[in-house]
Amino acid sequence: MTEGPYAFFDVYVAVADPETIVERLRTALGGTEVPTTARHDLILGPLRITGDHNGCRTWDRADPDDFLPWPTVLEGETSPGAAPAEVVEAVATLLRTLWGMGYRALAACDFEHELPDAGGAARYR
């Protein structure tokens, strides 16, 4: 795994089913299924992504622009030796793909300022 601020990221998605979103990403981006017991893992370039239900979920009572309670979180980590620019581009591609599919998505990470639309924050102000 890459060290420092590019090692981990989360992408919150306003969709109820993490399995569906991971499958759609796999189809759209040609990702590889991770051979583990986790059902929602995916490798996309230098990224390992796990789709899960968001534990902070209060979707029915939340402001729709407040990403923290969105029902799905894609938790990511980067592969060993991945260059920061490679990580930023891969997460940017992930976000653009989600947005292109019509999903509301926002990245939360130490490098979100390097991502399109500040990781999505600029879209939901």
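Asp117 is partly exposed, having a relative accessible area of 34% (buried means under 20% relative accessible area, exposed over 50%, and partly exposed in between, with a 1.4 Å probe and protein chains only). This is a predicted model, in which local features need pLDDT of at least 70 and side-chain atom pairs count only at pLDDT 80 or more, while totals for chains, interfaces and linings use all residues. Residues are numbered from 1 along each chain as its sequence is written, and side-chain values use heavy atoms, with hydrogens and water left out.

Asp117 lies in the segment after E6 (strands, E, at least two residues, and helices, H or I, at least four, are DSSP runs numbered from the N terminus). Although Asp117 is not a glycine, its phi is positive, at about 50°. Ala118 also belongs to the segment after E6. Ala118 is likewise not a glycine, yet has a positive phi of about 55°. With a relative accessible area of 28%, Ala118 is partly exposed.

## The nonpolar core

The largest nonpolar core contains 35 residues (such a core is a set of buried Ala, Val, Leu, Ile, Met, Phe, Trp, Tyr and Cys residues joined through side-chain atoms within 4.5 Å). The residues with the most contacts inside this core are Phe9, Val11, Val13, Leu74, Leu98, Phe111 and Leu115. At least two core residues come from each of the strands E1 (8-13), E3 (41-44), E4 (47-53), E5 (72-78) and E6 (105-108), and from each of the helices H1 (18-29) and H2 (84-100). Helix H2 gives the most, with nine residues.

Leu115 touches Val88, Val91, Ala92, Leu95, Ala107 and Cys109, when residues up to four places away in sequence are not counted (contact means heavy atoms within 4.5 Å).

## Thr97 in helix H2

Thr97 is part of helix H2. Its relative accessibility is 15%, so Thr97 counts as buried. Apart from neighbours within four places in sequence, Thr97 is in contact with Leu25, Ala28 and Leu29.

## Strand pairing

Strands E3 and E4 run antiparallel and are joined by four bridges (two strands pair if DSSP finds at least two bridges between them). Asp41 has Thr50, in E4, as its bridge partner. The hairpin of E3 and E4 has two residues between the strands, and in this hairpin Gly45 takes a positive phi near 60°.

Strand E4 is also joined to E5, by seven bridges, and these two strands run antiparallel. Opposite Asp52 stands Val73, in E5.
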